[in-house]
Amino acid sequence: MLKLKNISIKLGDFQLSNINLELEKGDYYVLLGKSGVGKTVLLEIIAGLIKPNSGRVILNNEDITNNKIQNRKVGIVFQDYSVFPHLTVEQNIAYPLKGKKLNNKKREELIAKYAELAEISHLLNRNTQNLSGGELQRVALARMLVSKPDCILLDEPLASLDVQLKGGLRNLLRQINQSGVTILHVTHDYEEAIALSNKVAVVHEGEIIQKGLTKEVFKKPANEFVANFTGIKNFFIADFDTNKAKINGSLEIKVSNQENLEKGKIIIRGEEIILSNKKIESSATNNFKGKIKQIIPYLTNQEVIVDIGIELSVVISEESLQKFNFKEGSEAWVSFKSTAIKIIP
Amino acid sequence: MNNRSTPIIFIFLGGLILLFVIAPLASMFLATTPNQIFETTQDQEVIDSIWLTLRVSFLSTLFFAIGAIPLAYYLARTKFKLKKLVNGIVDLPIVIPHSAAGIAILGFISRDSVIGKAASSVGLNFVGHPVGIAMAMAFVSIPFLINAARDGFENVPIKLEKTALNLGASPVRVFFTISLPLAWKNILSGLIMMFARGLSEFGAVVIVAYHPMITPVMIYERFGSFGLKYARPVSVVFILVCLVFFILLRTLSKEKDSTNA
């Protein structure tokens, strides 16, 4: 539904070149890259706030590259929320509805609906000056959703929120996406990509260096930069049961702090997994025997893929590889502590 | 009060300046008896003149704001080649002698000019007419409004305007619902300054219209014909009226701020 074709732009010191991206209806697409690589600029191009030097923006088969901002049907939420400071929460949410010939009742219904969705019904009569970051973010989201855009653009929506607020807002974003809204979300945080997206594109030095299904990009990084940046190949969807997580319905591993979750994602950093020839006695509560499927040499270390019922990526040094003589096809033990497992709700 | 970082000499020198402003005004007030003030307020000519001055300055401020505010917005938001020149033109009335400004306006609206001819064809003559006075007042006071409004608009984050556009509002609606309300504090203070400056204008107005007589002209006329003693009570009454209006408007604008906060 949203296509970017060969978008290029040069702004001062940095540039984006030949950006191609395609979102299908219902996608939750995350654009992942370090700060300052031009992710926000890309969103502003889609919203029409900036004109690209070349390339086209296509929404629902219509070329909107030169359309006016107000006629685009893409909603954007900026990192600083841009909530109108002179209006109340309710007036902010009502803003897109003026000029759309709606009667009062219909208007109030819509405001109530989106305020409820964003869980800010209790704030409707408040001024916006003394709202928290999380509350402002919700006001901005509700206000944008009420304008019924075809696609929504989120610029680092979770970056300035503290951990507790992040969880709640992630759920809200998931809910919005599940109601059928297509989302393009820009972030520097791979955890957000894992937690939310079905597709991801990695931006580096002005180009998209890898894109595709989130699972695939994280499991099979196209190059070392993506591998280092995404950092995590071992992420799995798990069902939780008191201090245990079941992966793929079969493999059971011990976790700590799953906090009453029933379902979630877990990640284990490859650097925190110990690979050995035989079972070792240690404080690690997770010990599995498996088979080495592949050894991938990188510049500074080696990645060993071990099949223990699930495929685990283990990072070891060249020295260890030589010392233990690990080979593709041979057996090996992996162990990791339950505290090394990170749970993402 | 206990600001130790300010040298005593600064306070002393600053005090002299304040005294310089206050002393002449105070001596004028002291030299005028309550009886004289009372008699002046009973003088129909003075009352008519004060009302005329207030009315014309007020209407002139409102009328010229219709163009000045959009100009200020344009200057705040758009980059163009001759922007510095335009900003200079806006400030021009502040630096040119007001009598010269009066001469310029007079040439502009006299019966020989295009505007004068057009006006006289419908039976109007702006010379010696409140419209001429309004033009002379606006000419010298409009920089205060434009500059204040431009500062106000510059302080409105562009992102808020873009957000409003993104939410589907037209540029006109964005101006009236976002930019104008957020810059209103500065604009209002500019309007008050323009109004106050218009009230006090003498040089430009006296050339365009001796009659009907605005109060600053009347003060000059009484001084010329009868001397200091007769000019003083009118001055005192007019200053008091101006101060009342000035304080009233300032207070109103402050109250609006505090309800917005």
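1. Start with the domains of chain A: the assignment gives domain 1 (2-230) and domain 2 (234-344), with bounds that come from an automatic or database domain assignment. Their C-alpha centres lie 34 Å apart. Keep in mind that this is a predicted model, where local features need pLDDT of at least 70, side-chain atom pairs count only at pLDDT 80 or more, and totals for chains, interfaces and linings use all residues. Residues are numbered from 1 along each chain as its sequence is written, while chains are lettered from A and ligands numbered from 1 in the order in which they are written.

2. Now for where the two domains meet. Five residues of domain 1 of chain A are in contact with six residues of domain 2 of chain A; contact here means that the C-beta atoms, placed from the backbone, lie within 7 Å. On the domain 1 side, the largest share, three residues, comes from helix α6 (residues 190-196) of chain A. By class, that side has three nonpolar, no polar and two charged residues. Nonpolar covers Ala, Val, Leu, Ile, Met, Phe, Trp, Tyr, Cys and Pro, charged covers Asp, Glu, Lys and Arg, and the others, Gly among them, are polar.

3. Chain A as a whole has nine helices and 20 strands. These are DSSP runs numbered from the N terminus, with helices being H or I of at least four residues and strands E of at least two. The C-alpha atoms of chain A fill a box of roughly 75 × 45 × 30 Å along the principal axes.

4. One sheet to look at in chain A is open, with five strands in the order β13-β12-β11-β14-β20 and antiparallel pairing. Strands pair if DSSP finds at least two bridges between them. β13 (251-254) and β20 (341-344) of chain A are at the edges with a single partner strand each, so one side of each has no neighbour in the sheet. Inside the sheet, β11 (residues 234-241) and β12 (residues 244-247) of chain A pair over four bridges, and Ala238(A) stands opposite Ile247(A) in β12(A).

5. What about the two chains together? 16 residues of chain B are in contact with 15 residues of chain A. On the chain B side, α8 (158-166) and α9 (171-199) are the elements giving two or more residues, and α8(B) has the largest share, seven residues. That side of chain B divides into eight nonpolar, five polar and three charged residues.

6. The largest nonpolar core has 154 residues, of which Ala142(A), Leu145(B), Ala149(B) and Val205(B) touch the most other members. Such a core is a set of buried Ala, Val, Leu, Ile, Met, Phe, Trp, Tyr and Cys residues joined through C-beta atoms within 7 Å. Helix α7 (residues 130-154) of chain B gives the most, with 15 residues. Both domain 1 (2-230) and domain 2 (234-344) of chain A contribute, so the core lies between them.

7. Two backbone spots are worth a look. Glu156(A) has phi near 45°, a positive value in a residue other than glycine, and Asn325(A) has a positive phi near 55°. Glu156(A) is buried, with 21 other C-beta atoms within 10 Å, whereas Asn325(A) is exposed, with 8. The cut-offs are 20 or more other C-beta atoms within 10 Å for buried, 12 or fewer for exposed and partly exposed in between, with C-beta atoms placed from the backbone.
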